Amino acid sequence: MLAFSGGGDELAFAAGFPGGALAVGLDPLSAVFLLPVAVLTAACGVYSLAYFPAADHPREAPRLRVSFGLSSAGLIVVLLARHSLVFLAGWEVMAIAAFFAVTAEDRDREVREAGFLYLVSTRASALCLLALFALHSAATGSFGLTPIGVGVVAPGIQSALFVLALVGFGLKAGLVPLHVWLPPAHAAAPTHVSALLSGVLIKSGIYGIVRVVSLLPDARPWWGEALLVAGVVSAVLGVAYALAQHDVKRLLAYHSVENIGIIAIGLGVALICRSTGRLDTAALALGGALLHVVNHALFKGLLFLGAGAVIQRTGTRSLDALGGIAAAMPATAIFFLVGAVAIVGLPPLNGFVSELLIYSGLLRVVASGAGEVWLLAALSAPALALVGGLALACFAKVVGSVFLGAPRHRSVSRGKDAPAAMLAPMAALACLCAAIGVVPFAFAPALAAASAVALRAPLASLDAPFAAISIVSLAALALCAAVGLALRARLARAPLEAAGTWDCGYAEPSARMQYSASSFAEPLVRVFSFALLPSVYSPRLTPIFPGPAAFHSEVVDAALDRILMPVVRAFADFARRLRVLQQGSVHAYLLYVWLALIALLAVTGATE
Amino acid sequence: MALWLVIVPLGFAVVAFATPGARVRPWLLPAAGATQLGVVALELVGRGDGVGAPWLGLDPIGRLVTGYLAVLFFLCAAYAPGYLALRADRPNRIFCSVMLVFFAMMNLIASVQHLGLMWVAVEATTLASGPLLYFNRNPRSIEATWKYLLIGSVGIALALLGTFFVAYSALRAGIATSMLLSDMLASAPQLSRPWLHSGFVLALVGYGTKMGLAPMHTWKPDAYGEAPGLVGALLAGGLTSCAFVAILRFFQICVAAGESEFARTLLLFLGLFSMAVAGAFMVRQGDYKRMLAYSSVEHMGILVLGIAIGGAGTFGALLHLINNGLSKGVLFLSAGNIHRAYGSKRTDDVSGALSVLPASASLFLAGFFAITGTPPFGPFVSEFTILTAMMHAERYAVAAAFLGLLVVVFVGMGSTVLAVVQGEPSERSEATPYRDGFLGVAPIAVLLALVLGLGLWIPAPLLALLRDAAAALEIAR
Amino acid sequence: MEETLDLVLVGVLLLNFLMLGTSRLKAAIHFAGMQGVLLGAALFIAHGHASGRVFFLSIATVALKGIAIPSILLRATRNISIRREIEPFVGFTASLVLGALATGLSLVFSRSLPLLDEHAAVLVVPASFATLLTGFLVLTTRRKAITQVVGYLTLENGIFVFGLTLVEAIPFLVEIGVLLDLFVAVFVMGIIMDHIHREFSSLSTEHLTSLRE
Amino acid sequence: MTLVDFAAALVIPLLFPPLMLGVITRTKARIAGRRGPPLLQPYYDLARLLRKGVVRSRTTSWVFLAGPVVGMVTALLAASLVPIGARGALVSFPGDLVAFAYLLGLGRFFTIAAALDTGSAFEGMGASREAAFSCLAEPAAFFALIVLVKLSGSYSLGSMLGPDLAELWARGAPSLGLATVSLFIVLLAENSRIPFDDPTTHLELTMIHEVMVLDHSGPPFALILYGAAVKLFAYGLLLVRIATPFHVDAAALGIGVALAELLVLAIVVGVVESVMARLQLLRVPSLLVGASLLGAFGVMLLVG
């Protein structure tokens, strides 16, 4: 909070390193990212007391507590670091601790595999960052993460730094096609860890991109364009994949890919505008992106915690096995519904505010019509609208198939809701979602300050219709409440009759005849089949008296299962064939020594 | 004086050989290690009294390596009594005394200033480590020892020829050659180039065999795989570093002769090739001790790569020598504990070590993260320094290859390590009664603490020593 | 003096060919031993003057390379009573042809290096390389562990020959150290061979391939 | 904005919409050769439903009732964002076009949720189709609006559809033409008209919107019908303004013209419903993607 009001402090201490003083500091940009970290860590921490009690997991719980706290601490170090070695140290502590948190239930093979994929991705990301900071320090002669002056670093090197940041941080953030680790890791982790992972940890990637770009003096237009395109692709594919999922946690994870895409769209617009000198639009789009970072932490945390409560109650993550839980867990249902409305970006909640800001950035670029870049924005805005529609469909599916209708699952009988330690964090997050949605102007100064730092621009307030948003949101709330109350009063007087659901004359409807989540998503999955490549296992029914048969469809991640894994397998195969060279013959080994000698002598001879 | 560094362990070796009690004898190892620490401290404080000169003497590289060796040996030696107590069925007279001889010879390599004598010392370490490898006395360890001795000796023979070539390069230039490093450095600019070049290549291949650079690394997985973890730690941490020092001596001559570009090209090639071979063989490696051997090959590649890049890379390589050695100590000793508890070193048989041996498995895992360059552990700092040097030298393709290979290595090593530590404990763990004990864990923990400490803070004297040593390798720059 | 040295070196070269051509294990060991004796003589001649030090070194060379090491190896052959043939991967004729090729290459290679006049005139450098390559051939084409040791010995002999050019430069301590190292190496290898034989009832390296990827 | 404008903007969206439904029904009846119900029949229907009792399924929860309420409220709010004629809207701010789309989205979300709350296979099916089709319609609507944003250089509906609209047509007639066509398709899809959906069909398997509200009855059903009318009105207002860019200065006259145009639009919709058959459901996405492509093409034409 301190940093929102004024400039950043810097703290430095000398240490025995070739790099010099290790500095940390706090500025508005860091503060915007720190806020959700603090909120979500606290919320998930409280939640875990009831969700993952030490009594039920004597072996895992202590380890999980430590790694959970460490990953959060590492993230805070990342956000405060002003020295590349400190940054990297915090980064890796965060990433490795998160690995242990994800693999808390390591006796499960699926968890181990997901954890390993995560570990490899985070290492690849860390090595990109290693290259990034090595190049940075070689170019600037310092390990300090302070803005680089104009003319100090060649433009080509700056672009290289940007690309390294995009790939390295993109891996962590989960931009398509670098998102492969994200869904399995989220599915494997204990739910409150998924919430932290999705809510704040992957945002460290966004922070990294913003921070690095803020260091570079000469932003090129193509940087922003690249980010914008990456964002659109991530958003559309992320939500399309989400729609095709049957596992609620994988679904939420793909929504993180989508939301990261939306954030990247905002960043891309901001970067485009920065490079063309339209700083007010840049601040608007960046403000939207940063607000979306905060918002996503809140509502995605909320959704994961809600999903966790359901999973703990029913023991399944499969959407097709759930249903009608609202009756048993009314409070959880309401909180989840709030999260769903927020993540779809609907008024009167917070998601709408940030998406509106990002739309505003896009539309301003279109309206200004400058250069050719407006066309890119003009194509991105409808794509964002498509994403919104798909997200709506997807969350309608989740809410409908998990909470509404009749129970498909035996264990869901009338009973108690989740314990208070789980409900309270959800309530807090839901209230924050509503607060940002209804009074967004309260958060505007912080966003403006952070944007100014990130854009290397003087501080200016955001040119956004916060008041109008407030009016629309409040009007929606008030009217709904009024009409709802009126209806209630009317129904209290009307003759009310309870009956079974109308099933068009069929005599014996059962819960299993409900429209399932897979069926719900089917029309859209069909439309996007060119990108999703679903595998359908459909039985052939013999004409008279068909036996029991099941229809099943599955969408695997194309980037993982159709591109990455074949490459990995090919490499492993190649490595396996190399083993021929080492079959235990000492004669062959001696021959290698001589061949090496001859080769090196030949090289020497050739150079002379 | 530098001679003490050799004499003290040799003296302990004699005592160990003469000591009758097999229970008492192992405690001579930590005693020797502690004494050596004291001697080294005295050496490092004083500027040297010139006894043994000009043959023996501690230049910055020598001071760095002898100091490092003393620390590594002391901690490995502290682990030894616990280990040997478990192997009470085996006579340990030869083992203990030969280990001390081996240590003495390593110190000799680091402190000797004469190329010929250095060769003698290197060959002596080969011979001394033979009985250490053969401690388990089973068919597999015979095979490993045989291959180690033969390949090592043949390689070293080439290094001798290389030494002769370099000496002849002076003779050809009409200089009365003494094979003393200082003389060679002084007369380097006049040395006959063809002889110097060929000599360097021979020395590189010869000592590179000892160091375990690909494609001369073939003995390594066999030897490290079959040796006790304790011996593996000393070989991977100590001996390979000494062989590296031997290569550095020849490199110094090349630099002084103004031939650094030539030498760096060869080192670059060998370094990247070693990393690539190690990476390829680490993928789906089903034997966690062989996996450590390939990791050693990889890190030897990183060492020469750092030298090949030069500048800050030299500093990074010297720092990495220490970081790698200490981390390898952690890995080999903890892997040895796991091997002991499960009676197998195949990942098919071993899983869930975190449940069976919480301390050893945690250390093994931490060692894995350390050696793969995860901050805040030491190897991260050195690898980052080397990478920065690459960027500084604008060797972007090399940097890309370096990073790409690090990913491959991480994948290979990670899948093996995690298969061992995670998951449901396999039934194999029931087969042996061995579990974590203080003597088996404490030295490893101290090693890990040192690795961690070096990642957080490099003490000023060490920093100065590293800078001096790096400067010694960069005279002509 | 140069003629005498050349004569001795021709003897060394001859022994190379004999070693490649023989099918009998013991003969190969004897040839290596004879090479050792010749080297002792060559060392004496190369120094050109008879000091106590030179005398001692020559005697030591003959004693170790010519007598002690071959006797260790011979002792090892006693264990293997049945198959005393050398089992080559490459036939004896082919080995001889390769040996000839190696000798030719050595002559060419030594021409390409700038030698001092006094060394250009004698056979030292080519003989050294030829012996080295012979050792390499024996190492890589002969199956038995014991023949590999013979190959290693020959390799060392080749390097020793090169050392003759540096007699002034190599200190006594180093010369003795090298010799001792070699002796200990063969001694340790002998012990290991003993164990190999005990474990596998054979000295063929075919049994030594269980450690592999 | 004068007082008259304000009053009009407040009252017209509340009262006018059901009339459009009446006109459509009458048009279809006339073309079919029948007399048809009176024009004010929708008002009578609403009044009747509001007086009736309610039958509720036992599986439903409060969400079942929230659907109609939120659906109606959001439609009204969305309508208040669209200017009537060239005059200002009740609420106008930069980015209000996004709010327009997302308010309707909120209504749709709750309508779908209410349908799924019944646990009926048929209503689930309808909800699924509704979600899919409107999701594909959304980009088409955005493309059409983007054309306007680019031409007008502003992104609030008030200024995009302001007095200068005629001048925009002069600059970008082809693009605006395409945008109009695409917006008309969106209007038909979003309001469940033929060729997307047939409000008068009696086979549940082929329905979209109607099947979603099968279980509603009485006052909540009245809210649904009314909300649907308001939605049609809001889209219609948008469409007729773009299609007829004349500027009428006098306040009352301008509003009158706009309403007259809306009635014409209702007749057009009625004609379309009479002459066309309902599309095969599997073909619907293609038509909507086609509408998006038309809009995208319109945007492309503005390059340079």
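Guide: Helices are DSSP runs of H or I with at least four residues, and strands are runs of E with at least two. Keep in mind that this is a predicted model.

Visitor: How many helices and strands are there in chain C?

Guide: Chain C has eight helices and zero strands. Read from the N terminus, the order is α-α-α-α-α-α-α-α.

Visitor: What does the radius of gyration of chain C say about how compact the chain is?

Guide: The general idea is to set the value over C-alpha atoms against a globule rule based on the number of residues. For the 213 residues of chain C the rule gives 17 Å, and the radius of gyration is 17 Å, so chain C is as compact as a globular protein of that length. Along the principal axes, its C-alpha atoms fill a box of roughly 50 × 35 × 35 Å.

Visitor: What share of chain C is buried?

Guide: Buried residues account for 47% of the 213. Take contacts in chain C between residues at least 6 apart in sequence: 76% of them join residues at least 24 apart.

Visitor: Now chain D. Which elements does chain D have, from the N terminus on?

Guide: The run is α-α-α-β-α-α-α-α-α-α-α-α-α. That is 12 helices and one strand.

Visitor: What radius of gyration would a compact globule of 304 residues have, and what does chain D have?

Guide: The globule would be near 19 Å; chain D has 19 Å, which agrees. The C-alpha trace of chain D spans about 60 × 40 × 40 Å along its principal axes. Of its 304 residues, 63% count as buried. Among its contacts between residues at least 6 apart in sequence, 81% join residues at least 24 apart.

Visitor: Let me try one residue. Is Pro18(D) buried or exposed?

Guide: Count C-beta atoms. The cut-off for buried is 20 or more others within 10 Å. Pro18(D) has 23 C-beta neighbours inside 10 Å, so Pro18(D) counts as buried. The residue sits in helix α2 (residues 17–31) of chain D.

Visitor: Which residues is Pro18(D) in contact with, leaving aside neighbours within four places in sequence?

Guide: The partners are Pro42(D), Tyr43(D), Leu46(D), Tyr226(D) and Ala229(D). Val230(D) shows how sequence and space can part ways. Pro18(D) and Val230(D) are 212 residues apart in sequence, yet 7.5 Å apart in space, C-alpha to C-alpha.

Visitor: Which residues of α17(A) are buried?

Guide: Among them are Met422(A), Leu423(A), Pro425(A), Met426(A) and Leu429(A). Further along, Ala430(A), Leu432(A), Cys433(A), Ile436(A) and Gly437(A) are buried too. Their cover includes α2 (28–51), α12 (279–314), α14, α15 and α19 of chain A.

Visitor: Last topic: interfaces. Which of the four pairs of chains that touch has the most contacts?

Guide: Chains A and D. Each chain supplies 68 residues to that contact. α16(A) gives the most to the side of chain A that touches chain D, with 16 residues. By class, that side has 52 nonpolar, 12 polar and four charged residues.

Visitor: How many residues of chain A are in contact with chain C?

Guide: 10 residues of chain A, with 10 residues of chain C. The chain A side divides into four nonpolar, five polar and one charged.

Visitor: Which chains does chain D not touch?

Guide: No contact joins chain B and chain D; their closest C-alpha atoms lie 40 Å apart. Chain C and chain D do not touch either, with nearest C-alpha atoms 55 Å apart.

Conventions
Residues numbered from 1 in each chain as written. Chains lettered and ligands numbered in written order. Predicted model: local features only at pLDDT ≥ 70, side-chain atom pairs only at ≥ 80, totals over all residues. Contact = placed C-beta atoms within 7 Å. Nonpolar A, V, L, I, M, F, W, Y, C, P; charged D, E, K, R; others polar. Rg over C-alpha atoms; globule rule 2.2 N^0.38 Å. Buried ≥ 20, exposed ≤ 12 C-beta atoms within 10 Å, placed from the backbone.
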